[in-house]
Amino acid sequence: MKLWSFTLLAALLAGVAHGQLVPSGTHFAEEALKPFVEKGEMPGAISIFYKDGKHEVACLGYANAETKRPIALDNVYMQCSQTKGFCGVTIAILVEEGKIALEDPVSKYLPEFATLWIETANSNGVRTLVKAKNVLKIRDVMNHTGGFPFELPNGQLMGGWSRRMPLRSVAATAASQPIKFEPGTQASYSNVGIDIGAAVVEVVTGKRWEAFLKERVLDPLGMANTGFWPTDTQLENKIEMYTVKGGQVAKWQKEASWMQRPYNDDRVFSSAGAGLWTTAADQLKFYKMLMNLGAGENGVRILKEETVKSILAKDLRPEGCAKGYSLGLSVPGNGWFGHGGAWGTNCMVDPEKKQLKLWAVQFTGGPRPWDVARAQAAEKFFNAKFEASDAYTGRLK
C-alpha cells in the first residue's frame, strides 16, 4: 500500500462527509507532500481540505515510522492549544444562555481576582508591584489581554499541560501572582488566562469544566475519541511525536517537557489552555460545527448562528491591543478563524465560503519546508472547480 495515497476509512463515510469526496486526479496534498514523506523528513501527517460539499482527505506516511504503522483518522494525538477553542465554545454557551456576560468581572465568580498586582520592575531579585486599576473581565482572560504569563511558575516541573492541578487551583495560583500589565491594554498569549475562563465555567455550572464540555459539546457532536484521559489502547495507536528539521530524517521523541507522561492516570487534570487529546475524525466534527455556525453535521445545534458570528468568529480585543483573537480562537480577519497547536496541528474554517483546512501532526523543531508546499496545495484545492457529479470513493485500505 502507498502510505502517501488517499485513505478513506469506513468511519469516514459516516462521520466525515455529508457530501462528496474530491474526484480522482485532484490529490493536491498528496502531490505536494509525498516527497517529504518518501525522504523521511515528515514521518506522517493528515491533511483535510473541504469546500462545496467535497473533502480531500490525505493520510500520509506513518503514525509510527519505526514500526511502519500507518497514520489514520482514528489515531489520537495531543492537539495542545487547539483546546482553547473548546473552552471558548463553553464560554459562548453560557453567554448565550444568559448565565454570564463577557464584560462580567472575573471576581464575580472567582473572588481572589478582586485585587491584582502588576509587576513593573524586577532588579536584583527585588520586584516592584503596583495595584491594577482596571477590572479583569471574562473577555480579557479568553482573548489573552488579561496580563497573565504564558504558564504558571514551574509549570514544566509540575508535568506541563496535564499539570497535575485542578483548574480551580490553577486560577487561585494565578491570582496570587503578579500580572504583566493592566488588563485590557495589551495582548500576551496565555494558557493561564484560558484556564481561568474554564474555572469560571466550573463555578457557574457546578461541574468540572471537562464534564461540562463532554456533556454540551463532545457527546452531542459524537466526539467519542476526544478527552483528557486517553485509554491505554488509544495511546498504543497514537500519532507518535517526532523532532523534525527540513533536509534531515525525523527523529522519534518520547515526550515533550510541556506534556509529560503519564497521560491517563489519576495525577492528570484537564487543561483548558492546552491539554485535550483528539483524533482527526473527531476534530473535524468540532470545526465543521464552527464552519456551520454552531450546527454539527449530525444536525445537533451547539450554538446559535449569531453567537458564533458575534463572539467566536469576530475579533474581541480592545482598541490598542494587537488584533485577531476572539474567545480562545484566532481570527486573522480574512474570513477564516480557528486555531493551531504547539506540535504543529492546525484547523481553520471560513463560514461564509463553507471551507475548511485541517492539519494533524505531532512535530517539534524546524524548519518545516512542507508548510509552504501544504499552503500551495490548499490554494490549488480552493481555487479548483469540480463538477457537481464528480465523486471520489477513496481507498478502504
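**Why these words for this predicted model?**

Modeller: In this predicted model, helix H3 (residues 83-96) packs with helix H7 (residues 209-221) at an angle of about 80°, their axes 10 Å apart.

Biologist: What makes H3 and H7 roughly perpendicular to each other?

Modeller: Angles of 65 to 115 degrees count as roughly perpendicular, and theirs is about 80°, so H3 and H7 get that label.

Biologist: Okay, and which residues of H3 and H7 make the contact?

Modeller: H3 brings Thr83, Phe86, Cys87, Val89, Thr90, Ile93 and Leu94, while H7 brings Trp209, Phe212, Leu213, Arg216, Val217 and Leu218. By class, that contact has 10 nonpolar, two polar and one charged residues.

Biologist: Now Glu41, in the loop between helix H2 (28-38) and strand E2 (44-51). Why does Glu41 count as buried?

Modeller: Buried means under 20% relative accessible area. Glu41 comes in at 6%, so it counts as buried. Leaving out residues up to four places away in sequence, Glu41 touches Phe36, Val244, Gly246, Gly247, Gln248, Ala250, Pro369 and Trp370.

Biologist: How do you know that the side chain of Glu41 makes a polar contact with the side chain of Lys39?

Modeller: The cut-off for the N or O pair is within 3.5 Å, and this contact is at 3.0 Å.

Biologist: Last one: how do you know that strands E6 and E7 pair?

Modeller: Pairing takes at least two bridges, and six join E6 (residues 117-123) to E7 (residues 126-131). The two strands run antiparallel and form a hairpin with two residues between them. Ser123 stands opposite Val126 in E7, and Asn124 in the turn has a positive phi of about 55°.

How values were computed. Residues numbered from 1 in each chain as written. Predicted model: local features only at pLDDT ≥ 70, side-chain atom pairs only at ≥ 80, totals over all residues. Heavy atoms only, no water. Axes fitted to C-alpha atoms, helices over the stretch in contact; angles between N-to-C directions. Helix = DSSP H or I, 4+ residues; strand = E, 2+ residues; numbered from the N terminus. Parallel < 35°, antiparallel > 145°, perpendicular 65-115°, else oblique. Contact = heavy atoms within 4.5 Å. Nonpolar A, V, L, I, M, F, W, Y, C, P; charged D, E, K, R; others polar. Buried < 20%, exposed > 50% of the residue type's maximum accessible area, 1.4 Å probe, protein only. Polar contact = N/O pair within 3.5 Å; in protein donor to acceptor, adjacent residues only side chain to side chain.
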